[in-house]
Each structure stands twice: as structure tokens, then as C-alpha cells.
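This briefing covers strands, helices, backbone angles and charged side chains. Please have the sequence and the coordinates to hand while reading.

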Amino acid sequence: MEAVTSVQGVAAPLLRINVDTDQMIPTTFLGGTDAKGYGQHLFHGWRFLPDGSDNPDFILNQAPYDHAKVLLADRNFGCGSSRERAVKALREFGFQALIAPSFGEIFYSNCWRNGIVPAMLPIGDVRRIAAAVEASRGQHEVRVDLEKLSIESGTDRFAFEAPAIFRSMLLQGVDEIELTLSRRSSIDSYRTADRMKRPWAYAQGTQG
Amino acid sequence: VKAPSTFLDKVWREHVIEKVAGDVDLLQIDRLILHELSGSQALRALKQAGRRPDTPRQIVTIIDHLISTRPGRHGIESMSPSGPQMISATREESRAFALPFIDFDDVRQGISHVVATEQGIAFPGCTLVCCDSHTSTVGGIGALAWGIGASEAEHVLATQTILQAKPKALRVRFDGVPGNGVFAKDMILALIGRVGAQAGIGYAVEFAGSAVQSMSLEGRMTLCNMAIEFSCKYGFVPPDDATIDYLHGRPSSPREEDWDRAVEHWRTLRSDDDARFDTELSLDCSDLQPQVTWGTSPQHAMAITDRVPDPAQMADAESRQLAQRALDYIRLAPGTPIAGVPIDAAYIGSCTNARLSDLRAAAAVVAGRKVSPGVQAVCVPGSTPVKRAAEAEGLDRIFREAGFEWRESACGLCASLGDTRFDDLRVISTTNRNFEGRQGAKTRTHLASPATVAASAVAGCIADPRRLA
């Protein structure tokens, strides 16, 4: 997996509450078993006009936000569908960090596994960063440091929290499956005991 | 003396293999369900990494998302341009890995979350995951079931485990006796309307109260289905006698001595009377009206007897702005009575509301009536067994004679998935999401119960089912 220690760059404010993953990538563009090819469809319904041209009013079509690395978002960002391609689309577009008061939980899990740091800050702090960005017409860069668990915006410093295991996986680019397979003996002993207690759980899942 | 525990505490504890770091545990996964939309990605990634499934017999692949609902469909038929390739890839990888597989023409086929309970693949107290946020539906039989991403599914494939932080415990009590024309869908929409779309972040929700105890298992599945619509990843009703009756004799339910042992265990899983929840909510259903949504979030729920809200009268600038944005998309004026808004289409389908009891409720409304001229009315049963059972009691004839299309089971038009027939139309729908573009480009979706959708199809506008009953 891609490792990320810190991200610094243009921050795009998209302060809308309850942005769902259908908006990030509509189901029409979920096609294919490939790991790539989704960034071009990011926020399709908002980013493009019906004739397919760029919607000039949408922030990600405006310089310098069109090459933003950090997204400033509002509460419950990434709610709804579990589609991991929403995160892949954000990453392909160039985002490596998201700052929001809260995230849809499946989306949040998906971020850690796709090279994106999802950092939570209270809405007041997110708005304060967004105001600094807007005042500078996007020239004000924001830094998200996963190692130090800190966000730097001008002279402002904000601390954020991250689940220790997901943080270290992303910092080191660790393969989650390898990590779990290294716990094989503990998995085996759990199953030996559990199988005695719940034999039906280990039966063939589908009959007929 | 053991500390009093919730259902969540008990099931979680039973599945912890190891505490990993902080509040993240490595959990045993009892059942993984894959489908061709996201499961295909997980299978491909697993194969590319040179790995194999850890426990194939505890996994099942079901074709449901992209396969066409057209009667007479063939094996790779899809409205999505990439559908044929994804269905084929899923079929090939599942066979290569010897995974139990329910194909498009299998008698057990249907929407994953409908199949999981109908076949007894899921059981009370099991951990079940699937790359679909509506996996919480399966919590209706007392499973701990939740939606995951494709990378997490790859991890489950390879290890039959998952890294997961234990959620906080929320209990929602529905009490009182709902009146005629008021169903589980109305109860859950009313709840989401009251608490908002983000209220459940970080929680697992247990549904309780007299109205849940007396509710059918299918109704409980509808409640649990929409837990994710207030951002609660897990929803469940702990097992009781009705759960055990429902599961007895299902094709994959335990049998004989195994069944007796399992039932004995399942009966221990309910939350202890004095168990503590982090948050408790309650809603009295006695005066509840049928619900319908007016906007672009499931939290935009309102009584069908009410008028579209006026953003200008909302308390703060943010609410005003959000409501105005929703009204602009849905193209309704503030103050409009929601009943009477003309519709272009009516859709009965999805893991929320396309089980046999849902089809019966809708058929009771349309029986002997006709769909209003110009309204596209579509019925997509939740599973092939539901479809067969409905046909055996003549429901298909009622729908067809009224002017509904009667289609094969799949996820269908719950999300557009390449189908453009609802583009730019106003649709009343038994599904779970009224997001912008969810059912097609510019599609304006109004969520409601099967009875309300049926009544609206007949009336040609959003209609109160109690007026037709």
C-alpha cells in the first residue's frame, strides 16, 4: 500500500453537510474491476454541465483548487454507499488528506486503505482554515502531518486523532493482510475454541 | 456476577480474536457475501496478490447488482456497459476459488441481503459483512452485519477476519401501535427525519420497544436496512421467539442437534434488562402518519398529510441553505401539499421493501385498480423465491393487470447502475436513498412504503394509501 507521512498543498473548501458517496462517483461510473480510472468522474454531477463541459462554478474546476491535495469538508462527509471507488476517485484527482468534523464510517475505513488521511476537526476549526484559504484565493497552503498528528494552517496548529493501527499502516505502507496473517497462531487458537462453542458458525454457509 | 451486557457487547466479545491497538480489535467473520459490483474488485485484487480465500465455505457470491431485471434475461445481461465483464469476472473468480455461488438463474438468487436471511445463510449472533452499505438489513434476524469496502473484503477473503473498532451502543425504542397504512418504512423514515442523517455516526443501533417486538421479521429487516441512512453502520433486533420461528427449516439453518444447540445459544444474546446504552431514543408510533420524503436526503421525511417545508422559516442559515438546495433539485415549491404532487414513475423494489409482505401490501392497494395513465410502474421482487411465492398467490397477476411491469429479481433501479429510464423523472420509490442522481440523472426520488408507492401509482400523484384501502 502507498505510504503517506505528511501532505502539504492547496486546500479546497467544500463545506456541504452530508455529502454522500453517490455524489463523489455516481453508480454509472462504477464499472470495471480495475483499480484505476475513477478520478475523471469525481463529483461528476457537480463538476460537469449536462453537455459534458466543466461547470465553472464548481470549486474543483477553479485554479488553484483544481490541483488541491487537501479537501476541507463538512459533517458526515462520505455518508451512504460503501463504494470504495469514491475514495479512489478522490485519490486519483490528487487528494491525500481530508479535513472534516465527521465522516461516513465505511468511507473513513476506505480512506486509510487508499492513501488518504481522513482527519477530524471541529467544524469551527474547519471553517477557520477555510476562511484563511478563501482570503488568500487558495494560495494559503495547508499541511496535514500524520506522523505528528497535526494540521498546520498559517500560524494555526490543530491536533487530530487517528486509530493507531490504521495510522501506522498508512505511515509505513504496510500490507494489512500480511499484518493479520502474522497473527495466524492467535487466529487458529481462537477458532479451535470457538468451533466447540459455535459449531454452526463454521458449517457451509449455503446449502441447497 | 457478570456485568450486564447489551447484545452488541455479547456478540462483539464472542468474535474478538485479539485486541490489536487502541479500540481496534481483530474480529472473526462468520459470513462474507460478495456481489459482482464490488466483490469483483476484491476477488481480482486477491488473485493479483497471489492469495486464496482463507475459508471458502463461509463465503458466498451472489449475482444481484448489475444483472438485468428483464424477464428472460441472459447470464451477462446488464444495463451497465461494464456489467457483462464484471458479472463474467465474478463468476470466473468465484468458480476458480471454489466459492459457494448463487448465479443469476439459481432458484435462490436475489438481492444479497434478502437472500442472506431467506436462505438462512445468516444466523443470530453471526458477524456478516458485504461490500454494500445496506448489509445492516441482515440485522433484522439478530446478526451483527455491516457494509465494508472492497479492500476490507479482500482482507476478509484472505483471512476471514476484519480489523474493527467497537461502536458505541444506541437503543431506539418504537412503542405504541401504528395505525392502518403505517409500516416499518414509515417508522424508520420518521426516526431519520427527527434525528437527522448524521445522528448515528459511531454507533450500532438496537431497535426495541413494543412496536418492534410485535413486528414481522421482514419489517425488522426494513428498519435495520435504513440504519445506514442515519449513518449507523450496524442495526439489529436481537433474536427472540419470532426470529427463531423465522429461521427454523431455512435451507442453510442448522439442523437437528446443531439447531437445538444454536437456539439455546441465540437465546442468551438479547441485551440484559439492566444493560447500559450510550444513548437511548424513543418514538411513539400511535399517531404516526405515512411518511414520504420531500428532498434529497432520507432525513427530509415528512407526514404525507403535510406541506413541503419553507426554508425561509428555518432557524439558521445553514438549514435554510440546505433545504433550498434540496428544493431546487427536487423542483418543489415551499408550502406545497406533498400529497397531490404528480409523479412520472412508481418503483417497488430493493433490499428495503421488496419482500413478500411488501408485495402483498402493495398488491392489496392496486388490486382491481389501474396505474394512472402515463405513469411507469415497475415491480422488482427482492429475490427469486419472493417472486415465485408472489406468483403462487397471484400477486403478479394483480400487478400486471393494474399496469405494473413484473420483473426478475436484482438490485435494479434502486441505483441507476446504467439504466437511464428514470432520468429527469419524478419517482416514488420503496428504496432507501433519495440522493441527487441516485436513480438516474436528475431523477427526483420520493421515498415511501410499498403501500404509499402503490397508492401513488394508481393516483398518478403522491397519495395517502389510507384513502385507497
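The points below go through conventions, sheets, a helix, backbone geometry and charges.

The model is predicted, so local features need pLDDT of at least 70 and side-chain atom pairs count only at pLDDT 80 or more, while totals for chains, interfaces and linings use all residues. Residues are numbered from 1 along each chain as its sequence is written, chains are lettered from A and ligands numbered from 1 in the order in which they are written, and side-chain values use heavy atoms, with hydrogens and water left out.

**Strands and sheets**

- Chain B has an open sheet of five strands with parallel pairing, in the order β17-β16-β15-β18-β19; strands (E, at least two residues) and helices (H or I, at least four) are DSSP runs numbered from the N terminus, and two strands pair if DSSP finds at least two bridges between them.
- The edges of this sheet are β17 (405-406) and β19 (444-447) of chain B, each with a single partner strand, so one side of each has no neighbour in the sheet.
- Within the sheet, β15 (residues 345-348) and β16 (residues 376-379) of chain B run parallel and are joined by four bridges. B:Ala346 has B:Ala377 in β16(B) as its bridge partner.
- In chain A, β1 (residues 6-9) and β6 (residues 142-145) are antiparallel and pair over four bridges. The bridge partner of A:Val7 is A:Val144 in β6(A).
- In a regular strand the side chains alternate between the two faces of the sheet. In β1 of chain A, A:Val7 and A:Gly9 make up the covered face, and A:Ser6 and A:Gln8 the uncovered one.
- A:Val70 belongs to strand β3 (residues 70-73) of chain A. A:Val70 has a relative accessible area of 0% and is buried; buried means under 20% relative accessible area, exposed over 50%, and partly exposed in between (1.4 Å probe, protein chains only).
- From A:Val70 to A:Arg184 the C-alpha to C-alpha distance is 38 Å, and the two are 114 residues apart in sequence.

**A covered helix**

- Helix α5 (residues 150-159) of chain B is mostly covered, with ten of its ten residues buried. Among them are B:Glu152, B:Glu154 and B:His155.
- B:Gln160 follows α5(B) and has a positive phi, near 55°.

**Backbone geometry**

- Most residues other than glycine have a negative phi, and most peptide bonds are trans.
- A:Phe43 is not a glycine, yet its phi is positive at about 50°. A:Phe43 sits in the loop between α1 (21-24) and α2 of chain A and is buried at 0% relative accessibility.
- A:Asn76, also not a glycine, has a positive phi of about 60°. This residue is in the loop between β3 and α3 (85-93) of chain A, and with a relative accessible area of 0%, A:Asn76 is buried.
- A cis peptide bond, with omega near 0°, runs from A:Ala63 to A:Pro64. A:Pro64 is in the loop between α2 (44-47) and β3 of chain A.

**Salt bridges**

- Over all chains, the whole structure has 47 salt bridges; a salt bridge is a side-chain nitrogen of Lys or Arg within 4 Å of a carboxyl oxygen of Asp or Glu.
- A:Glu2 and A:Arg91 form one of them, at 2.8 Å from N to O. The pair links distant parts of the chain, 89 residues apart: A:Glu2 is in the segment before β1 of chain A and A:Arg91 in helix α3 of chain A.
- A:Glu2 is partly exposed at 33% relative accessibility, and A:Arg91 is partly exposed at 22%.
- A:Arg113 and A:Glu176 form a salt bridge whose closest N and O atoms are 2.8 Å apart. A:Arg113 is in the loop between α4 (105-112) and β5 (117-120) of chain A and A:Glu176 is in helix α7 (residues 176-181) of chain A, so the pair ties together parts that are 63 residues apart in sequence.
- A:Arg113 is buried with a relative accessible area of 6%, and A:Glu176 is buried with 10%.
- B:Arg407 and B:Glu405 form a salt bridge, with 2.8 Å between the closest N and O atoms. B:Arg407 is buried at 18% relative accessibility, whereas B:Glu405 is partly exposed at 28%.
- A:Asp74, A:Arg75, A:Arg127 and B:Glu318 are joined into one network by salt bridges that share partners.
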